[in-house]
Amino acid sequence: MTKISPSMLSADAARLGEGLARLEACGADWAHIDVMDGVFVPNITIGQHVVRSLRPLSDLPFDVHLMIVNPLKHVPDFLDAGSDLITVHVETTENLEDSLAAIRDGGAKAGASINPGTPLDAVLPYLEMLDLLLVMTVQPGFGGQAFQPHCLEKISHARRVIEERSLEVEISVDGGINRDTGRRCVEAGATVLAAGSALFGAEDMAAEIELWRGFGGREGA
Ligand code: DX5
Ligand code: ZN
């Protein structure tokens, strides 16, 4: 079954707790939390303090997407705040291995993300250290952008490599995901769909999540 990780970026920022309760009530598998620093990406969103405040409000795994420079410096704070999965960008760090090790040593699952312009090769040497590969399907920084279809090839290539190496790595996609692009990503090999606008803007979020979860993926998924 495809996992659905609605992005809190599309929730009302003044009522994040209610947004979290809504996506949980609608059957989400994870809550995707976008952390932006205004340096790696132009926008600034939320930090560890908010993650910590949200933690007691939900039983859902927190899928924390760090779009920040020097993630290694902040990983301990996000672990302590209650993150279950922490994803760092390969573009932000020269010590990717240290960041991934710190995440796993802290008891969370480790993810690495690549921007639309970053080749898959940049992350392939680290696949063995990953629980999740996040293929960005828009340039990170803002919700509501259009899906970049050239990223589909990276998803299918990543899926092939993961299977060749007999690894258990989730492939998540993030940016411009809706019922059409989401289906195409799952068919290419994605196992997690992260989405803001299309889920929070849906007439019936629960029905939308149910629909997406049923997209036919790879055998046994
Ligand atoms: C973008 C963020 C995404 C964002 C997706 O930089 O990483 O998680 O919330 O928003 P949509 O689904 O609206 O493209
Ligand atoms: Zn994200």
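The model is predicted, so to speak of local features a pLDDT of at least 70 is needed, side-chain atom pairs count only at pLDDT 80 or more, and totals for chains, interfaces and linings use all residues. Residues are numbered from 1 along each chain as its sequence is written, ligands are numbered from 1 in the order in which they are written, and side-chain values use heavy atoms, without hydrogens and water.

**The zinc ion**

Let's start with the metal. His-32 (NE2), Asp-34 (OD), His-65 (ND1) and Asp-174 (OD) coordinate the zinc ion (ligand 2) at 2.0 to 2.3 Å. Donors here are N, O and S atoms within 2.8 Å of the metal (3.2 Å for Na, K and Ca). The arrangement is octahedral because the six donor atoms subtend angles of 70 to 169°; the term asks for opposite donors over 155 degrees apart and all others between 65 and 115. His-32, in strand β2 (residues 31–36), and Asp-174, in strand β7 (residues 170–174), are 142 residues apart. Strands are DSSP runs (E, at least two residues). Both His-32 and Asp-174 are buried, meaning under 20% relative accessible area (1.4 Å probe, protein chains only).

**Ligand 1**

Around ligand 1 sit 19 residues, with Gly-141, Gly-144, Asp-174, Gly-196 and Ser-197 among the closest; each has a heavy atom within 4 Å of the ligand. Strand β2 gives the largest share of this shell, three residues. Here are some polar contacts (pairs of N or O atoms within 3.5 Å).

| Residue | Part with the N or O atom | Distance to an oxygen atom of ligand 1 |
|---|---|---|
| Ser-7 | side chain | 2.8 Å |
| Gly-176 | backbone | 2.8 Å |
| Ser-197 | side chain | 2.3 Å |

Technical notes:
Four donors count as tetrahedral if all angles lie between 85 and 135 degrees; four count as square planar and six as octahedral if opposite donors are over 155 degrees apart and all others between 65 and 115; anything else is irregular. Helices (H or I, at least four residues) and strands (E, at least two) are DSSP runs, numbered from the N terminus. Buried means under 20% relative accessible area, exposed over 50%, partly exposed in between (1.4 Å probe, protein chains only). A polar contact is a pair of N or O atoms within 3.5 Å; within protein, one must be able to donate a hydrogen and the other to accept it, and residues adjacent in sequence count only if both atoms are side-chain atoms.
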